[in-house]
Amino acid sequence: RQIGKLAEMVRRREGGGGRRATIVAFELLSESDRKRVEAAGYEDAYPLSRLQAGMVFHNLWERSSSTYHDVIGARIEQEIDGGLLREVLQGMVDRHPILRTTFHLSEYEAPLQCVHREQAVWLLQEDWSGRSEQEQESGLQGLVAEEARREFDLAGGPLVKFFLHRLGGKRFQFTLSVHHAILDGWSVSRLLREIFGQYLLAVESGRVPQVQPLK
């Protein structure tokens, strides 16, 4: 049914002219749901895809499972300015609606994903430089295991979290914890490239580049 609606929208908008379709907020919602989400102050809202709904269902069915909770780490051999990184990450959250999205499964006529107009980035920074290398590795393994088991607050969010651990000198561990229903492997790879690309530009210029909205 939803695919049929999308196909009809594409045919109606293109109209044979080959012009790019214009996305209208809340367009896939019923009139009653549209009024409710607009009143709640969301920027946009639309139904979960079947794939997303399946991931969320399996998470709720097997709460101890970490199948759709991705925890990805990267070792960095460069000095990291935690304050500058926070600004860059906030810029990414501001730029990408999916990073401001939460899932609402029972409040509306259909399960919806709602985009918040604003959301503060979730970033935990810790200094582990006083620990031995063995303690650091054990701590990081424990962090990954514990975070993978931790349930997301689907309706409250955020569905993506960041961690930065100083290991000593110019050694850092950057960790991303994300619900697979909002980012797949390809998306995570592109997001990480964008984050560190923006960070390097900020270091070179001395200021965080202005975030350009998605087109």
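These are my notebook entries on a predicted model.

**Entry 1: overall make-up**

I began with the elements. The protein has six helices and seven strands. Read from the N terminus, I get the run α-α-β-α-β-α-β-β-β-α-β-β-α. I then looked up burial and surface. Of the 215 residues, 37% are buried. The accessible surface comes to about 12600 Å², and carbon and sulfur atoms hold 51% of that. Among contacts between residues at least 6 apart in sequence, 66% join residues at least 24 apart.

I followed one pairing in detail. Strand 3 and strand 4 (residues 112-115) run antiparallel and are joined by four bridges. Histidine 104 stands opposite leucine 112 of strand 4.

**Entry 2: aromatic rings**

I looked up ring pairs next. The structure holds four aromatic pairs. One of them joins phenylalanine 174 and phenylalanine 196. The centres lie 5.1 Å apart, with 75 degrees between the planes, and the pair is edge-to-face. Why edge-to-face? The planes of such a pair must be over 60 degrees apart. Phenylalanine 174 sits in strand 7 (residues 171-179) and phenylalanine 196 in helix 6 (residues 185-205), so this pair ties together parts 22 residues apart in sequence. Is the ring of each residue in a buried or a partly exposed side chain? I checked by residue. Phenylalanine 174 is buried, at 2% relative accessibility. Phenylalanine 196 is partly exposed, at 22%. I also noted that Phe162, Phe174 and Phe196 make up one aromatic cluster.

**Entry 3: salt bridges**

I find eight salt bridges in the structure. I went through several in turn.

Glutamate 43 and arginine 100 meet through their side chains, 3.3 Å from N to O. Glutamate 43 is in the loop between helix 2 (31-39) and strand 1 (44-47), and arginine 100 is in the loop between helix 4 (82-95) and strand 3 (101-104), so the pair ties together parts 57 residues apart in sequence. How accessible are the two? Glutamate 43 is partly exposed, with a relative accessible area of 31%. Arginine 100 counts as buried, at 3%.

Arginine 75 and glutamate 137 form a salt bridge at 3.1 Å, N to O. Arginine 75 belongs to strand 2 (residues 69-77) and glutamate 137 to helix 5 (residues 133-149), so parts 62 residues apart in sequence are tied together. Arginine 75 is partly exposed, at 38%. Glutamate 137 is partly exposed too, at 30%.

Arginine 166 and glutamate 79 form a salt bridge, with the closest N and O atoms 2.8 Å apart. Arginine 166 lies in strand 6 (residues 160-168), and glutamate 79 lies in the loop between strand 2 and helix 4, so the pair ties together parts 87 residues apart in sequence. Arginine 166 is partly exposed, with a relative accessible area of 24%. Glutamate 79 is also partly exposed, at 36% relative accessibility.

Last, I looked for bridges with shared partners. Such salt bridges join Glu146, Glu147, Arg150 and Lys161 into one network.

Technical notes: Residues numbered from 1 in each chain as written. Predicted model: local features only at pLDDT ≥ 70, side-chain atom pairs only at ≥ 80, totals over all residues. Heavy atoms only, no water. Salt bridge = Lys/Arg side-chain N within 4 Å of Asp/Glu carboxyl O. Helix = DSSP H or I, 4+ residues; strand = E, 2+ residues; numbered from the N terminus. Buried < 20%, exposed > 50% of the residue type's maximum accessible area, 1.4 Å probe, protein only. Contact = heavy atoms within 4.5 Å. Areas by Shrake-Rupley, 256 points an atom, 1.4 Å probe, with all protein chains shown as cover. Pairing = 2+ DSSP bridges. Phe/Tyr/Trp six-rings, centres within 6.5 Å; stacked < 30°, edge-to-face > 60°.
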